[in-house]
Amino acid sequence: MVGGPALARGTSMADGLLLSMRGIDKRFAGIPALTDASLEVEPGEVHALIGQNGAGKSTMIKVLTGYHRRDDGDVAFDGKPFEVSSPQQAQAGGISTIYQEINLVPLRSVTENICLGRETRRMGLLDWRAMHAEAERLLGRFRVKVDVRRPLMDFSTATQQMVAIARAIGFSARLVIMDEPTSSLDEQEVAVLFNVIRQLRADGVSVIFVSHKLDELYEVCDRVTIMRDGRTVRTARMTEISKLELVSQMLGRDVAKTEGQTTSFSRPAQASDGEVVLEGRSLAAGQSVHDVSFRLRRGEIASFAGLLGAGRTETARLIFGADHPRAGGLSLDGKGFTPAHPRDAIAAGFGFVSEDRKLEGIVPEMSVAENMTLALLPRISRNGVVDEKRQREVVNHFIKELGIKCSGPGQRIRELSGGNQQKVLLARWLAMDPKLLILDEPTRGIDVGAKGEIQRLIRSLADSGLTVLMISSELEEVAEGADRVFVLREGRTVAEFAGDEISEDRILAAMAQGHITHEDPTR
Amino acid sequence: MTVNAPGRRLDSFDVLEFLARYGTLIALGLLIVFNIVFTRNFATLQTLNVNLTQVCTIVIVATGMTLVIATGGIDLSVGSIMAISGALAPLIFLSPVFGDNIALGVAIAMVAAISAATLCGLFNGWLVAQFRIQPIVATLVLFIAGRGIAQAMTNSNLQVFRVPEFQWIGLGRPFGLPVQVLLMVTLVVVTAWLLRRSRFGRSVLATGGNERAAELAGIAVKRTKLAVYAISGFCAGIAGLVVIAINSASDANLVGLGMELDAIAAVAVGGTLLVGGRATIMGTLTGALTIQLVRYTLLANGVPDAAAMIVKAAIIAVAVWLQQQRRV
Amino acid sequence: MNRAHLARLVGTYGVLIALVALILFGWLRYENFLSPFNVTTVVRYNSMFALVALGMCFVIMTGGIDLSVGSTAALGSVAAALSSHFGIIPGIAAGIGVGVLVGAINGLLVTRANIMPFVATLCTLLAASGSALLLSGQTSVPVSSTSGFISIGTGALWIVPIPTAVALIAYALGSLVLNYTATGRTVLAIGGNEDASRLMGLPVARVIFLVYLTSGALAGLAGVLLAALGYAGQPTEGVGWELFAIAAVVVGGTLLTGGSGSVITTLAGVLLLGILFNVLNFENGEGWITLSAAWQSVVRGLFLLAVILLQASLTRSPQKKKV
């Protein structure tokens, strides 16, 4: 370790790094989540951390902040080994995290949210005047002027984020981790946030910036670390890496490499031109859907491709009546269609397998049979009584047909593996003999074998005339499985490919740049 | 976050799991054996009758409560609803309008009282389903106001009566079995069947087990919630009638007092998940019987009733704690 | 002004306005409404409820609930009555002591055993009630007539009845703790978002424990007043106090989900519900209508209904509409 003037600011080590995580291993129940992962952050830099779902970004951050205990590897912060066992300790050590769901208390005042935990006291009692002044001072650094006495929930998400940052700075954070900070901000708010980030950098505070919006990374970050499958695949200066390279490394698809079949999908030689079943016109809703249009045809697997936060799931929820569009509309078989409730969509012959099995899919305490027939209940019951015989027929049929591994129809679904749970949920809708099946990340968190089975199943369903809308973050699944691909980027459909037009390169390019560049895939 | 969920799940036999599942049943068995050995005159028809009679109203109310809890709710107002039902019925069948035709009076009284109770339940359900008010608060309204309504209807006067046609539901003994016991058994069987075999039962468990998933599968979550509170009111209404029939009197200040606690205790001890999603009516019956038998055993062996309350409290705490362990 | 802001204003000032209006109504309509006798009677008896509601207010602000306060007060009154024969101080100490004990058990059940607050305090409700009956031998226990214990109930500081003075001091302290100590602010933060509070490094478990402890202690103190006012420890009193307290807290504008609330408006809530009863009595005296005492609970229930419907309609955020 070297002394010198830099040590006064405490940012010096031989290699001049503020944070160094090397050779990090982490397993959950024997399954590796991180393998020899690394992350290095220089003092006063904004460092992007990117990767797909399950790439290990959040595990990495949770290891750093003491939420998870690492199995192996070294963490050094400020030149010293950094060992913490809770986010509080990490905070005390100078690392603050600002979560996507802002972890503050909306009902309490701005001042309390900034100062709670290190209050100013006078004669044993809280000195509100000093605390308000402190809060105003911290926010003032970012040129944010608000009435700090008012509850946090009165302010926009952007301001709430400023408050979270101010809290972190108040705890003299040297490294601020921001987990998708811009996901619910509008353009103007993003600009303000970026000014704050630049201000932090100027003050010598480092930022780890997790985001999926590529343009933002280029706008505000100095360097980027790309993770995939629990490993660090590359660290580079933002100026040295193109968007396309970034995306392809993130998804693990080499742009130059010719592709071989990696999924169990097979596509018919030409694009189908079945009649349009469902059409969406310029749909807009909430913060993440701005202008989405599509046409789904009979007997075809259509896919929404896009990075996280592109508005894919949100659009699917609009189709299923779980949310409602603020603009645009749907038509079903040429007639206007405005589902007010999932029941309306189900009545129209739709099925929806949510991306979050636990939260929106399974009813954990119920049996395989009960879960499978949940949507079917109206059809297999007479006068309110469930026809056990028909239920048994249906359930046994699908257990056999889909090869669901369970001890029997009566087994609790929570005891099944992810793949088998997913098959039960698929069967829930297949039993309805649907017209349109929306599958959101149908193979996520499922072992390879089950994945192939499900992919083959989806294809055979489409071949038998069912319309499938598949949302997947796995590029090869989209490229090889879909007959038609709609590329979504930041809430807008930016490209549509059908049949032979579909290739990973084109999808990648559209996802990365928002327009189709047929020939030159470099920036 | 499942940091390290698996691990001790792997062993084939988990003591806590076993106790959580069968603890109540084992306790009930042990209690019966203990009593047969140590309590004088235990194995008699009379003892059985005494215990069943005492536990009847609790089980009737707890049956409705089980459904409410299965959806992830709670109903504090059952005691007050009992008071309303118990106050309304005598007002009707004692009224001079019916003169000689007491049977008609009794019929109308019963229908009216139980309907009023069901309406009260619907009101609870409306608050919970429509306004998304926490069940504990929503049902607090009728808990407070309900008894007041009952008292106001009767001017807080004790209504004493001797109407065999009515009191049959509390005192009648066809085939030597108390009517109320038959009533209880019927309700328990029907509800258990409903929970297991009917579309409604599925909706109840799906709503409590995962409301968002249920909604996405097209289950009518709101209607289900309305229905369970209405049923809870209905059960409380019947229980109110049984209580006043046994007492030959209706005192709006006392009918159903503290019943919500007994009912919740029976449900919790019976093994129904208090957060919803898993429910067992037979468990509730076992739970109520166990609590009753503990009390009886203690009383029969010279322990004061007050001490029995403390034991009851401990039993509930342990039962819920065990349940908690099982979910980890 | 947005809806949330409006909700807060209504929550804070609505109860005060209603209280003033009710007092004005009583003053204009009934001759003796503001007579010293009536006023002291009302404030003396409601001081017990006020103490219980204060503890409840803190518990609810953390997002919990304490159903055991009523039977804890009954137990406290018995313990105080039994100990009053050794003097005033032992009497008071015994009452508060059993309250602290019950509160500690509640706190442990909630923070250590992770049992839901309403179940945990339901158990202690039963246990405290049983203990009260055991200690008292199932009947009321006369307090010592020689130790001066009764003066706690009947005495006055200048013109303020002692029970009222005790309640006022407790509320002043409560308000101070809530507004000017880190612990007080942590109470609100926990109710506002328990996970966030934990991530913010606040001592969540300790504060929750303290809150139940305080609620128990205040219920015990209410028991001391109960014994002094009734000249006896009353093991069967206190039934339904918890729900009265909850109603007062809610009417006082404290959010039942926790995170927001005020000690002073809780006091206003207690007075509002108490005076409502008083007004009904006067109204009966007028002879225009005869409303039995039963109507007080009906009116209280309606009040509660109005407040929660208001809270529900005002705080429901329109953008948070997910299925």
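In chain C, H3(C) and H10(C) cross in a right-handed way (a crossing is right-handed if the near helix is turned clockwise from the far one by less than a right angle, and left-handed if anticlockwise). Helices and strands here are DSSP runs numbered from the N terminus, with at least four residues of H or I for a helix and at least two of E for a strand. This is a predicted model, where local features need pLDDT of at least 70, side-chain atom pairs count only at pLDDT 80 or more, and totals for chains, interfaces and linings use all residues. Residues are numbered from 1 along each chain as its sequence is written, while chains are lettered from A and ligands numbered from 1 in the order in which they are written.

**Helix packing in chain C**

- H3 (residues 69–83) and H10 (residues 204–230) of chain C pack at about 55°, with their axes 7 Å apart (axes are lines fitted to C-alpha atoms over the stretch in contact, and angles run from 0 to 180 degrees between N-to-C directions).
- That angle makes H3(C) oblique to H10(C) (under 35 degrees counts as roughly parallel, over 145 as roughly antiparallel, 65 to 115 as roughly perpendicular, and the rest as oblique).
- By class, this contact of H3(C) with H10(C) has 11 nonpolar, seven polar and no charged residues (Ala, Val, Leu, Ile, Met, Phe, Trp, Tyr, Cys and Pro count as nonpolar, Asp, Glu, Lys and Arg as charged, and the others, Gly among them, as polar).
- Another pair is H4 (residues 88–111) of chain C with H5(C), packed at about 150° with axes 9 Å apart, which makes H4(C) roughly antiparallel to H5(C).
- H4(C) passes H5(C) in a right-handed crossing too.
- From H4(C), Val102(C), Ile105(C), Asn106(C), Leu109(C) and Val110(C) meet Pro117(C), Ala120(C), Thr121(C), Thr124(C) and Ala128(C) of H5(C) (residues are in contact if their C-beta atoms, placed from the backbone, lie within 7 Å).
- Sorted by class, the contact of H4(C) with H5(C) comes out as seven nonpolar, three polar and no charged residues.

**Where chain C meets its neighbours**

- With chain B, the contact takes 38 residues from chain C and 38 residues from chain B.
- On the chain C side of that contact, H5 (117–136), H11 (241–251) and H13 (294–315) each supply at least two residues, and H13(C) gives the most, with 13 residues.
- This side of chain C splits into 27 nonpolar, 10 polar and one charged.
- With chain A, 21 residues of chain C are in contact with 19 residues of chain A.
- Here H1 (3–29), H8 (182–192) and H9 (194–199) of chain C each bring at least two residues, and H8(C) gives the most, with six residues.
- The side of chain C that touches chain A has 10 nonpolar, nine polar and two charged residues.

**Strands in chain A**

- E1 (residues 19–28) and E4 (residues 72–77) of chain A pair in the antiparallel sense over five bridges (strands pair if DSSP finds at least two bridges between them).
- Arg22(A) sits opposite Asp74(A) in E4(A).
- E4(A) also pairs in the antiparallel sense with E5 (residues 80–81) of chain A, over two bridges, and Ala76(A) has Pro81(A) in E5(A) as its bridge partner.
- The hairpin of E4(A) and E5(A) has two residues between the strands, and Asp78(A) takes a positive phi near 60° there.

**Chain B overall**

- Chain B has 13 helices and two strands.
- Its radius of gyration is 21 Å, close to the 20 Å that the globule rule gives for 328 residues, so chain B is as compact as a globular protein of that length (the radius is taken over C-alpha atoms, and the rule is 2.2 Å times the number of residues to the power 0.38).
- The C-alpha trace of chain B spans about 75 × 55 × 35 Å along its principal axes.

Notes: Contact = placed C-beta atoms within 7 Å.
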